[in-house]
Each structure stands twice: as C-alpha cells, then as structure tokens.
Amino acid sequence: MKTALLLALLAAVFSGTAGAWPTRLYTDAEVTARAELIVIARVKEGSIKKVAHKSEGTYEHHAILLVTRVIKGVFQDAELPITLRYGLLPVAARYVKDMNTRPTAPEEPGEATHIFEDNPSEGYFRPTADVHKNQIWRLHHQGNSYETHAKTLGVLNSEDIQPLTKEDRLKQLLPKP
C-alpha cells in the first residue's frame, strides 16, 4: 500500500505537467491599461518565426504586424515587429480544422493562422481569430516571470488580441483626453 502511494506521488510530481504554470483570465480593463500601444493590425503572411531562448529551454515567436490604425500610443510605420511571448503558440489552419475530429500536430508545416495559449497542464486553449485579418492588438513590454521587461513590444496572453467587434468597448476603457 505504501509503495503504491509513493509511486502515485512520484508519478504526479514527475509527470509531463510538472512544468505547467497557472493561467488566469485578464479583464478588458487590465489588458487595456497595461497596453503601451493599441493598434488595428494583421500579421504579415510568412512573418511568424520561432526563436529559441538560449538558456531556459523555452521559445517565443516573432512576427510582423501590418498596422492599419493606431488607437492608443504613437506609431507611424506600416510594419511593426512584435514578439509572441512564451506560452502563446501560433498554429496552422489545418490543426484548427482537425482539432475536434483527428489528431494533428499544432505546429505542422503551414502558415499559422490562429494563436492559442499553450499550457502543458491544460493543453491548447483560448484561440484568437485568424491573425491574417485585422484585429485589435494590445501591445506592451511585459514579459514572463523570467523576463520582467521585454525589449520588444508584444503580446503575453490571448486577451491581448481581440476581435474588431470589441473596439467600442475598448474606447470606453481608454482615459479621456
């Protein structure tokens, strides 16, 4: 009995979810307040690239946004390089199509069209809409726990990317000039 209990405890401690982190939902007000730059933009096709971190065994993705309009902050160029922080996973359209019917690896070859949160304890969840269509991008320098202030603007949670239908709500949350 004691051996079975010990084995069960060891299996729980050393299972694949040992590296998991708790996720929390952020309110629109929190995400809007932390955003340094809010834009209407879409991801430039072919621009999403995976970049491995040197020492942590983690990674992030870099992408280029094609900016249509600025809602908060100052930015005047048409293209904006951003970082999709560790914990966000760009996935191909094929994965999104097959996810409920047959197993498909999320990072199969193909252009990423959606961004999911990737949590080992919970799987892939909270997808964005198609990133090649205009959406609201709430960008900031906030990083993960190992990276308190990132060098580039980016997104940390799927709440940082919202559909255009939320634009009126967003404007209500912005401070009045």
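Is Glu-79 buried, partly exposed or exposed? Glu-79 is partly exposed, with a relative accessible area of 36%, where buried means under 20%, exposed over 50% and partly exposed in between, using a 1.4 Å probe and protein chains only. The model is predicted, so local features need pLDDT of at least 70 and side-chain atom pairs count only at pLDDT 80 or more, whereas totals for chains, interfaces and linings use all residues. Residues are numbered from 1 along each chain as its sequence is written, and side-chain values use heavy atoms, with hydrogens and water left out.

**Overall architecture**

- The chain contains four helices and 10 strands; helices (H or I, at least four residues) and strands (E, at least two) are DSSP runs numbered from the N terminus.
- In sequence order, these elements give the pattern α-α-β-β-β-β-β-α-β-β-β-β-β-α.
- Of the 177 residues in the chain, 42% are buried.
- Contacts (heavy atoms within 4.5 Å) that link residues at least 6 apart in sequence are, in 61% of cases, between residues at least 24 apart.

**Nonpolar cores**

- A nonpolar core is a set of buried Ala, Val, Leu, Ile, Met, Phe, Trp, Tyr and Cys residues joined through side-chain atoms within 4.5 Å.
- The largest such core has 21 residues, and those touching the most other members are Val-39, Leu-65, Leu-80, Ile-82, Trp-137 and Leu-139.
- Two or more residues of this core come from each of strands E1 (37-43), E3 (59-72), E4 (79-84), E6 (112-119), E8 (135-142) and E9 (149-155).
- The greatest share comes from E1, which gives four residues.
- A second, separate core has seven residues, including Ile-38, Ile-40, Ile-71 and Ile-136.
- In soluble globular proteins, nonpolar side chains tend to be buried together.

**Strand pairing**

- Strands count as paired if DSSP finds at least two bridges between them.
- E1 and E3 run antiparallel and are joined by six bridges, with Ile-38 opposite Lys-72 in E3.
- E2 and E3 are also antiparallel, joined by four bridges; here Lys-50 stands opposite His-61 in E3.
- Six bridges join E3 to E4, again in antiparallel orientation, and Ile-64 stands opposite Pro-81 in E4.
- The hairpin of E3 and E4 has six residues between the strands, and Gly-73 in this hairpin takes a positive phi near 95°.

**Salt bridges**

- The whole structure holds six salt bridges, each defined as a side-chain nitrogen of Lys or Arg within 4 Å of a carboxyl oxygen of Asp or Glu.
- Asp-160 and Arg-34 form one of them, with their closest N and O atoms 2.7 Å apart.
- Because Asp-160 lies in the loop between E9 and strand E10 (161-162) and Arg-34 in helix H2 (residues 28-34), this pair ties together parts 126 residues apart in sequence.
- Asp-160 is buried, at a relative accessible area of 0%, and Arg-34 is buried at 16%.
- Glu-79 and Lys-44 meet through their side chains in a salt bridge of 3.1 Å, N to O.
- Glu-79 belongs to strand E4 and Lys-44 to the loop between E1 and strand E2 (49-52), so the pair ties together parts that are 35 residues apart in sequence.
- Lys-44 is partly exposed, with a relative accessible area of 31%.
- Glu-167 pairs with Arg-69 in a salt bridge whose closest N and O atoms are 2.5 Å apart.
- With Glu-167 in helix H4 and Arg-69 in strand E3, that pair ties together parts 98 residues apart in sequence.
- Glu-167 is buried, with a relative accessible area of 13%, whereas Arg-69 is partly exposed at 36%.
- Asp-28, Arg-138 and Lys-166 are linked in a network of salt bridges.

**Two further arginines**

- Arg-85 lies in the loop between E4 and strand E5 (88-92) and counts as buried at 1% relative accessibility.
- A polar atom of the Arg-85 side chain lies 3.4 Å from the backbone oxygen of His-140.
- Arg-169 is found in helix H4 (residues 167-173) and is partly exposed, at 39% relative accessibility.
- The C-alpha atoms of Arg-169 and Asp-28 are 8.4 Å apart in space, although the two residues are 141 apart in sequence.

Definitions and conventions
Polar contact = N/O pair within 3.5 Å; in protein donor to acceptor, adjacent residues only side chain to side chain.
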